Structures are given as structure tokens and as C-alpha cells.
2 protein chains.
Amino acid sequence: MFKDASSHEIDQALNNAWQAFHQYRKCSLKERAQFMRSIAVELENAGDELIQTAMRETNLPEARLRNERARTMFQLTSYADACERGEWLEARIDTANASKTPPKPDLRKMLIPLGPVVVFGASNFPFAYSTAGGDTACAFAAGCPVIVKAHPAHAQTSELVAQAILKAAGKCNLPNGVFAHVHGVSQEVGKALVTHPHTKAVGFTGSYLGGKALFDWANQRKEPIPVFAEMGSVNPVFLFPEKLKQSAVDVAKMYAGSITLGVGQFCTNPGLIFGIEGDELQQFITTLGNEIKAISPGTMLHPGISKNYAENRARALSQQQVQTVAISDAQAAANQGIPTIASASGEAFLNNPILHQEVFGPYSIVIRCKDKGELLEVVRHLEGQLTATLMATEKDITDNDELVEAVKNICGRFIVNGVPTGVEVCLSMHHGGPFPATTDSRFTSVGADGIKRFARPIAYQNWPDSLLPEELKNNNPLDIWRTVNDVVTKASL
Amino acid sequence: MFKDASSHEIDQALNNAWQAFHQYRKCSLKERAQFMRSIAVELENAGDELIQTAMRETNLPEARLRNERARTMFQLTSYADACERGEWLEARIDTANASKTPPKPDLRKMLIPLGPVVVFGASNFPFAYSTAGGDTACAFAAGCPVIVKAHPAHAQTSELVAQAILKAAGKCNLPNGVFAHVHGVSQEVGKALVTHPHTKAVGFTGSYLGGKALFDWANQRKEPIPVFAEMGSVNPVFLFPEKLKQSAVDVAKMYAGSITLGVGQFCTNPGLIFGIEGDELQQFITTLGNEIKAISPGTMLHPGISKNYAENRARALSQQQVQTVAISDAQAAANQGIPTIASASGEAFLNNPILHQEVFGPYSIVIRCKDKGELLEVVRHLEGQLTATLMATEKDITDNDELVEAVKNICGRFIVNGVPTGVEVCLSMHHGGPFPATTDSRFTSVGADGIKRFARPIAYQNWPDSLLPEELKNNNPLDIWRTVNDVVTKASL
């Protein structure tokens, strides 16, 4: 067990980070990218010990953890590539025009780092959304030092990852404070980190209560700072009539897999499925139920999560007008999440906010709306979501424009004929969404655009070319894309 | 006089805006741009009546108001061009790859509008930062309806501009609720607008107290919403030794003009000037004082502003260790702002937070630091600023890297050998800065990048080409720049 960081230790970590910031932000894009690639190498060098420690702490299977480490390394190296390509800098140049009244000065703009970033990792992804995960990678790419608070559920894993990062920092000759790692179970540690004057931004993945607390502390500071908190989602799925007629059974089988993937412990788990009452929906529900019965319970990440799952599931199933459709036939051991499907009417859903809430685990509820009108009404009462999915033919979509637009309005990623689990790491990914899915729908935590969370523009006015940063010099020495007098180009001036 | 909007009227305006949002956001980039250009035409059509009304309400001279209207029209048309060019959409495409494990889906991302935006205009720019100003133009470009709260200091001007916008909306066959205009003197109107559930973002230009109140209300909502509040700045200027040696007199003359431009009523007015004690700084101070004495007081925007100026100026001048360097020789009439220069030591500045505060009007204080060390110390105690200016030779800059980096860290626009007044409208402009200059240093209120304040990304996963928005279709029918598989291109897929 690790001791909670004292306020003195936190102060020291932030002071070191602030010192390091002044050096690290001067590192070139190439140097930042080298550091990130070096972290990926050290993660691999951490070898089996890292995997086994994570297995012990999270109950996740070895193959999953190996894949997740590989994904984390891919994040680091692909964001390093994006960092070097430099499109994220949003470099813009407008040249001077002395003949205008008043004369137009030379103006050049690019993004620069905000300062030290505090990262709170997720319990459910000990690598990809934790210590050396997406938030950390984005902050390093932006030019920010990082202070990670280890998730208590995998503190030893986090410690090993932190050592890998520090090794990489040493090999790259980076200043001591570019990375720090602190432990903490109490709220006080989180609050001290977020409210420290040298903290300039926060990244978080976890629960609504956790993320919202950080957001509030950050906004109550004398100098408020941006918080990007990804706080989960119920990821609604909409089953359209023609699609169901064509393939209710296939869709049900696909969703049985998605609902129970990783014992349902994904923020993109499909927790709500909507359809219009009828034989096809009934066939979908029956098939989904039969599939779920055949899927065995799995051990959850830690006892706290499995206890929450048991409680939230029991609460949902005990609501009036909620029917239990299916429960896994297999016996559940301690700390296991039992695959479960419930069902309720659209009316019941509209009248009971409890049914809108996330039940984190292998659980989903099918909502039977009586007609399209009720389905539209339901959508208008949904909160912001990371994802929404249409199981629909093209005709289903074109015939239901108002409904489709209403769904679009509440989600960050909009899927057709797929499942929301699985968050591809690429520039086109948006892992974000309207509140309460995140605290700022304008940013993403997956994909290299996530770098922009931790950077701000600065405009250089009337600077001599020799003193401008490389990114903005006339001859474009870094060969990056820039917008020059409103034209996107790599050309020199 | 106009009556404060009732809570019923505000509710109705937001409900109409919410209805209109579902239509307006479907308008193509071209249709939005046409609307914006049409507003520019109607502003011109509002003719002399508009100018004369503004003259009466703001005391600003005719030439300035004609220029400001032209600037406002330029903003509308240049942001319309940017809207159509579509770079702001950040369109990204990553094509599917079935051979990956797991298979990589087709993902395409672009920005979409947040929803109704409430805009609070500035007292000091009745056109450019008000009813049809930059915030409104950016929101329309993003696809958002706008509700403007008229600034009470120029409510009739605002009313005429609102009519121009409504005329343009009518000519473009846009839905009724795409724009609304409400009046209000009491805080309650602002609060009702910001806390209405259909309000999805806020734009504000004005005082710290005003902007911070909106920010707090927005964050205390059940669903917090983004607020971009530009809250002013003291815009520090740093006089470097070699530069002063070369041209103390010229620099002083240039700054006398900048400090008193528009009776000092710019958020980019240089309110703080720093130098290192010595003969050259003394020469600068003497020349600046002589210039200021010869500049006549001007009538300020409204009696409230002139009263605040008189009080804040008196308070600053009455501080211990503050010397009054020069006051305009001419007699001041009622409501006029008297050009004034004060001076104090670096030590006095470090010990007295009152000297750090903005005195909105034709006032500036010269801080005499005893050496570079004290100057660096002073910079480290400055709050966030819209601009910072170095009056410096290249050698001054290269010799003082630590100081220059510290200044860079606190400003949004970084000027060399110029004046901060004058905010060019172009893509490379950044009109923003670290708190308390604004509530979010990552965004700008001038330049087409300001559109991004009111838009959020959505990722389309696995959509058939025929159902994708034009912006993301394979054949790129809008001919916009997109990033396809990490390559910036206009090519079709």
C-alpha cells in the first residue's frame, strides 16, 4: 500500500513541474516526440512484471492487458507522429500590409502549452487511460509537464508505469519535474492537486461524481483552469424497424457480445437499447436474452466496482414496470458481474430518471416505445452521451430525419450498424460528448486532437523572422502545414 | 428607454431559438455565409440613422463609428468567407481497415454547432463587439441561433442593429428564432439568459465582475456550458535598455498616442509600462509626460465609465509611492477622461496589488525597476493579459531570454515594437489570453478561429457515403481541406 501524498509533497511536485515547464516547453516538436516514443519503449521494457502486476490488481486477463499495453504504446507513438507533423499547432500567418489604413501588422499564431497538467487515470484501463495514457501523452505533446495521481485500484501498476516514464525522461535529458507520480485515496489529494496555483489544466477519466468534483474545484479557483473530465455514458442504441425486420437475430447476437465485453466495464458500453414495440423487437429481446443467459459472469476490476454493479443493477431491476429479461445461467463467484438484460416501456422510461442512469457493468435495458412519436420524445429527454448508435437501413435513416437529428444532438460519436465498444485511436475519433458525458463537449480525450486540450494560441505581432519560433518562420523549416493569408500551404514565404 | 425583458420573454426567446436551431444548423456553409453577408448589407442600409444614434448614445465621434461599422461588416463577410472555406470544421477522415485486429471502422469527424448562444456586447464598441459583432458572427457561422442582450449604454443602437439582423434573416428565409434581441439593466436578465436550459454557450466582452458572474452562473448549471468572456487587461509594455538608448523619445511619442486613443477606452490600452531605472527611462518618462500634457481630455462613452475612470484614477494616484508624472493641460468638461501618466518603483508595484489593476481610460503608469532581476520578479507577479509588448532590439530580446519567456507565458498576443491598441481582424489574430484576461485562454474572440468557441466535434462511424454530410463525403463536393488518413488534402477518396 502507498501512503497518500502530503500537501507538502504535492506542493513540491507542482513547484518542480513549474520549474520544468520553463525548460520542457522549449523542447522542439521532435524532442517531445522522442520522449513519447521513449516512454513507449520503456513500457515494453517493463516486461512481464508490468502485465502480471496489472493482472493481480485489476483481474483483467493477460491477453487484454497485453493488448492494452500495445494500444498505449501506439497512442504514444502515433501522438508523437502527430506532434511532429504539427497540424495541431494551428499555425497561421498573415503578412503585413502597409498600404491598409491603419497599416496591417505581420501576425503569426500557433498553439503553446498551458503549463503543468494533472491527470487522474481510470480504473478500467490501467494502461491506456491511466499513468502513461492518452491524457499524459497529449500533455507531453503539447509541451506540458504531467503530475499523475495513481488510481488506487492499480497503484502498483501505476508505480511501474511511472518508473518507465521517469526512465524515458532521464534518457532524453529532460528536467526532473517533467513528470511526477503521487498516490492518494482521500479526496483531499485530488483537491490539493487541482487547486494548486501551478496546476494549469486537468485530465480525468472516471465517474460523474469524481469528474464533477474536480470540475467544480477548478472553477472555484482564483484562476479557474480547464478540466476535461470524461465521465461515462449509457451509449443509447436505436433499433429501426426495417433493420430489425431484416436482421433482429444477428443484431441481438452482436449486442450480446458488446454488452458483456470486458465484463461490461467500458465507458462505451451500450446500456440502453430503444426499439418500437412489435414482433421484430420481441424477437430481438428474446434472442438477446438467450445469448446473455449463455454468457458467464466475469470477475470485475475490483470489489468496489462489483459492489456498485450489484447495487445499481438491483436498484434498476427493482423499479416498477421493469422486467428482468435474462440473467446469465452460470453461477457467479465473488466480485463477478452477472450479465443481465432488463426491459421497460417507453412510458416507464420517460417517468423514471433512474432508468436513464449508467449501470457500469454487463447490463443493458431494452426500452419498448409504442411508436416513433414516443421514441422521439424519449430522445429529447436523454442527457449527453459519448456515443449513440443507429441500427438502421438507409431507408430507416432517411425516413426518420427528425429522430436522427435529435440523436445527433446528444452524442459525440454517431455509429451506424456497429457497436460503440471499441474506441479506435485515430485523428477522426471523437471520444467526448455533451455534458454529462464530459465537462467540455468541444474536446476529445482520444486521438491527437486531444493535444489541444492542453494548449492555447499566442499571436506574434511584428516579430523579426530571426526571433520567431521555427514553426512560424518564413522558410517553414519544420515543413508543417500552415494557413498563410487564408491559404492552407506548406510553402515558404 | 427599454423595459427589462421578463422571465417569460426570455423563456420564449430561448424556446424559439431552440426550435430554430434544428433548422438553422442544417443550413449549408454557403447559406450561413449568405446570411452573414446579408447582415453586413443591412448594416450599411441602416445608414446615417444608425451612426447618429450611436453617436448620441456613446459620445464616439462619427468617423470612428463609420470605421467601426465598416469593420463590423468586414468581420461578417470575412468570417462568412472562412465559414465557406471550411477549415474551421476540422474535417478528418480515417478510412476502414478490415485487416486490422480488431477491424478498424470508417471514421469521419467535423465540428457541429452547440446550440443557442447568448451574446453580451461591449459598451466600448457598439458595433464591432456588440449586437452584430464578432461573437454573433462566429455563432452564426458555427450554425447557432443567437440571443443578444443589448448593452444598456447603447440600447437604441443595438435595437437598430437587431432590426438589420432580423431583416437579413427574413430575406434569407431563416426561421423566426434564429436571432432574438432582449434588453436588461438588472443582473436578473443576464442570469436568466445564462441559466436557461436551452442556452448552450455564452459570449461576453466587458468587465471582470460582469464576465466572472456569467462564468460562475454557467458553471453552476445542472448542465454547465462554455462561457467565453473577454474581461480586459492592462497590456504591459516592456522597455528594453538598448531600444530605449536608441529611441526613447520616439517610443514615448508613439505611446502617448496609444494610451489616449479613443479616450483610452480599449481593452488593449497599454496601462502598464515597465523599464529599468536610468537616464533613458527618465527621458522616456519626461517625453511621455510632455506629450500627454498636450493631449486634450475626451468625452467618455457614458457617465458610468467616466465616473469609474475618475475614481480608479484617483485611487491609483493616491497610493503611497505613486508619483503623478503628467496630466493633460486642458480643462476637462463633464464626463471627460483626463489623460494621465503616473510612475512608481518596481518595489512599490510588487507590494501594492492596486497598481496591477486596470484603470479603464487614458491612464498609464510607468514602473521603474531597479534592475533586470526586479523586472523578472515583477513579470512573475503579473496576471494573464490580452497582450504584452516588448519595445526591444533583437539583441535586447536574445540577451533576456528568461524575461521574454516569462512575458510570453502571461499573454495572448505578443508584440514587438508596436502598440497593443488596434486588433486586426484576421485568422492569425489572437484576442484572448490567460485568466483573468479571458475565462478560457484556448479560444479567441477575434478572427475566424472564434467560430470554434461555439462548435463541437462529432465522429461518424461506419456511415454510408450517401448519408454523410457534404463536408465528409468521399468526393469532397465542397472542395474543403480535410485530413485523410493523417494527410492534409483536398483530394477525393
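This is a predicted model: local features need pLDDT of at least 70, side-chain atom pairs count only at pLDDT 80 or more; totals for chains, interfaces and linings use all residues.
Me: Is N59(A) buried, partly exposed or exposed?
Reply: The relative accessible area of N59(A) is 36%. Buried would need a value under 20% and exposed one over 50%. N59(A) therefore counts as partly exposed.

Me: What is the phi of N59(A), which is not a glycine?
Reply: Most residues other than glycine have a negative phi. N59(A) is not a glycine, yet its phi is positive. The value is about 65 degrees.

Me: Which phi does D486(A) have, as a residue other than glycine?
Reply: D486(A) is found in the loop between β18 (482-484) and β19 (487-489) of chain A. Its relative accessible area is 32%, so D486(A) is partly exposed. Phi of D486(A) is positive, near 70 degrees.

Me: What kind of peptide bond joins T101(A) and P102(A)?
Reply: Most peptide bonds are trans. P102(A) sits in the loop between β1 (92-94) and β2 (107-113) of chain A. Omega between T101(A) and P102(A) is about -15 degrees, and the bond is cis.

Me: What is omega for the peptide bond from T101(B) to P102(B)?
Reply: P102(B) has its place in the loop between β1 (92-94) and β2 (107-113) of chain B. The bond from T101(B) to P102(B) is cis, with omega near -10 degrees.

Me: How many of the residues of helix α5 of chain A are buried?
Reply: Helix α5 of chain A spans residues 134-142. Its buried residues include D135(A), T136(A) and F140(A). The helix is largely enclosed by the rest of the structure, because the buried count is nine of the nine.

Me: Are α4(A) and α5(A) roughly parallel or antiparallel?
Reply: The axes of α4(A), residues 62-85, and α5(A) come within 10 Å and cross at roughly 25 degrees. Angles under 35 degrees count as roughly parallel. α4(A) and α5(A) are therefore roughly parallel.

Me: Which residues of α4(A) and α5(A) make the contact?
Reply: The crossing of α4(A) and α5(A) is right-handed. On the α4(A) side the contact uses Q75(A), L76(A), Y79(A) and C83(A), and on the α5(A) side G134(A), A137(A), C138(A) and A141(A).

Me: Is α2(B) roughly parallel or antiparallel to α5(B)?
Reply: Helix α2 (residues 29-45) and helix α5 (residues 134-142) of chain B pack with axes 8 Å apart, at about 155 degrees. Angles over 145 degrees count as roughly antiparallel. α2(B) is therefore to α5(B) roughly antiparallel.

Me: Which residues touch the most other members of the largest nonpolar core?
Reply: The largest nonpolar core has 235 residues. Beyond four places in sequence, L390(A) touches residues including F238(A), F414(A) and, in the other chain letter, W463(B). The residues that touch the most other members are L390(A) and L390(B).

Me: Is P362(A) buried or exposed?
Reply: P362(A) is found in the loop between α12 (346-351) and β14 (363-369) of chain A. Its contacts beyond four places in sequence include I259(A), M300(A) and Y309(A). With a relative accessible area of 1%, P362(A) is buried.

Note on methods. Residues are numbered from 1 along each chain as its sequence is written. Chains are lettered from A and ligands numbered from 1 in the order in which they are written. Side-chain values use heavy atoms; hydrogens and water are left out. Buried means under 20% relative accessible area, exposed over 50%, partly exposed in between (1.4 Å probe, protein chains only). Helices (H or I, at least four residues) and strands (E, at least two) are DSSP runs, numbered from the N terminus. A nonpolar core is a set of buried Ala, Val, Leu, Ile, Met, Phe, Trp, Tyr and Cys residues joined through side-chain atoms within 4.5 Å. Contact means heavy atoms within 4.5 Å. Axes are lines fitted to C-alpha atoms, for helices over the stretch in contact, and angles run from 0 to 180 degrees between N-to-C directions. Angles under 35 degrees count as roughly parallel, over 145 as roughly antiparallel, 65 to 115 as roughly perpendicular and the rest as oblique. A crossing is left-handed if the near helix is turned anticlockwise from the far one by less than a right angle, and right-handed if clockwise.
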